[in-house]
Amino acid sequence: ISKLVRNDSNVIFVGTHVGAIAIPTAKIVKSCILIEANPQTFDLLTTNIFLNKVTNATCKNVAIGERNDEINFLLNKVNSTGSKREPAVKDKMYYYDKPKTIKVPMVTLDSICSDETELYDLIFMDIEGSEFFALQGMRKVLSRTNALVIEFIPHHLRNVATCSVDDFIGLISEYFNQCYVPSKDEYIDSKDFLTFFSKMFDAEDSDDGLIFTNKRIIF
């Protein structure tokens, strides 16, 4: 992250959890928007913000998606980082700990970040399969963003979003022309995105944080 931001950067975290990554980042940038859908972990996030004396962060207890609405949301008990939008396919891997289902408000990121003069050096997104929906509602923000860190997990694409690799990568490639894949230590040009990530999908290969940028950055 330190290679993607400066002390005058604006940063957005979508799926902040309790702030383990966001809080150290907030201390080295100008401002942060921290978004967390799970009301239980959101309470811990705001507590951690207070305890760490972070004064440059705005916190939002909402889900980010393709429209302004309300959605069903799973509160996982064993691993709260796995809490997610209700999957389209009710695979047992998402329900093994008998999570509670609640309603949470959902908004587009474009509606939160409506100031079109505001630029962002980084959007860091970890929302357990809702990335495809979030991308649909953040097109204006993406056009003003230099880097996107985002999960790539085949079973999330298949079961939570029910989208193809083409659908997912197509939304991203409109705004970024380079990608670093940490799990494989490879740099990919946009012309090769679809082929490369289709192979990952078919092999069930996941990555916790693909790094999409507008120029090649050596990590």
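**Entry 1: Arg 85**

I looked up Arg 85 and found it buried, at 12% relative accessible area. (Buried means under 20%, exposed over 50%, partly exposed in between, with a 1.4 Å probe and protein chains only.) I am working on a predicted model, where local features need pLDDT of at least 70, side-chain atom pairs count only at pLDDT 80 or more, and totals for chains, interfaces and linings use all residues. Residues are numbered from 1 along each chain as its sequence is written, and side-chain values use heavy atoms, with hydrogens and water left out.

Which side chain does Arg 85 meet in a salt bridge? I found Glu 66, at 3.0 Å from N to O. (A salt bridge is a side-chain nitrogen of Lys or Arg within 4 Å of a carboxyl oxygen of Asp or Glu.) Arg 85 sits in strand β6 (residues 84–85), and Glu 66 in the loop between β4 (63–64) and β5 (69–75). They are 19 residues apart. (Helices, H or I, have at least four residues and strands, E, at least two; both are DSSP runs numbered from the N terminus.) I also noted a network of salt bridges linking Glu 66, Arg 67, Asp 69 and Arg 85.

**Entry 2: Glu 116**

I checked Glu 116 next. Its salt bridge partner is Lys 140, with the closest N and O atoms 3.8 Å apart. Glu 116 lies in the loop between α3 (109–112) and β8 (122–125), and Lys 140 in helix α5 (residues 139–142), so the pair ties together parts 24 residues apart in sequence. Glu 116 is exposed, at 52% relative accessibility.

**Entry 3: whole structure**

I searched the whole structure and got eleven salt bridges.
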